[in-house]
Amino acid sequence: MTRDPHQDADAGAISQAHAILDAARDGVLAVLDAQGWPMTSRIALQTDPAGEPLALLSGLALHTAALGRDPRAALLIDESRAGDGRGMALTRARLSLQVTATMVAAEAEGDLRRAWRDRDPKAAVYARLPDFRFWRLEIRAGLLNAGFGRAFRLTADDLRR
């Protein structure tokens, strides 16, 4: 029997996971396509004021259609380390999340769009297009790889604010 390499999350791991979520501006979303095969796509990502991940997705994208069929997905977010000389992704901490995606009601999107553009002014180009909608990515569980020998299993409660 193989030993699970993941530890239960401690306060430091939870804090690091929150920091990765808060700094995220993109991530890799994994969904199941119409034939049931996994596919990934890099998406625009931010968190709402409560720290919950939000994606702004085009209705024309295959991953959006996949979420409409099956809201279960996975999300991979790398630690942001711009300019530190550690460009290789495997040298950065990363957070892998199991999520359930739900489209945000259109009438609730106004404040989210303003906050999104405030954090990412370049998003003004696509954030106003009618096919782009917000999806809330409710966290079910996660794994934090924080470096060699530092892998942590996270619960939804660990990641909730």
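Author: Contact here means heavy atoms within 4.5 Å; helices (H or I, at least four residues) and strands (E, at least two) are DSSP runs, numbered from the N terminus. This is a predicted model, in which local features need pLDDT of at least 70 and side-chain atom pairs count only at pLDDT 80 or more, while totals for chains, interfaces and linings use all residues. Residues are numbered from 1 along each chain as its sequence is written, and side-chain values use heavy atoms, with hydrogens and water left out.

H2 spans residues 62-69, and its buried residues are His63, Thr64, Ala66 and Leu67. They lie on the same side of H2 because they cover an arc of only 160 degrees around the axis, taken from the directions from the helix axis to the C-beta atoms. Leu62 and Gly68, on the other side, are exposed. Buried means under 20% relative accessible area, exposed over 50%, and partly exposed in between (1.4 Å probe, protein chains only).

Leu67 is in contact with Leu29, Val31, Leu57, Ala73, Ala101 and Trp135, leaving aside its neighbours within four places in sequence. In the largest nonpolar core, of 29 residues, Leu67 is among those that touch the most other members, together with Leu75, Ile77, Leu95, Leu97 and Leu144. Such a core is a set of buried Ala, Val, Leu, Ile, Met, Phe, Trp, Tyr and Cys residues joined through side-chain atoms within 4.5 Å. Another core, of 10 residues, lies apart from it and includes Ala44, Leu112, Ala123 and Phe134.
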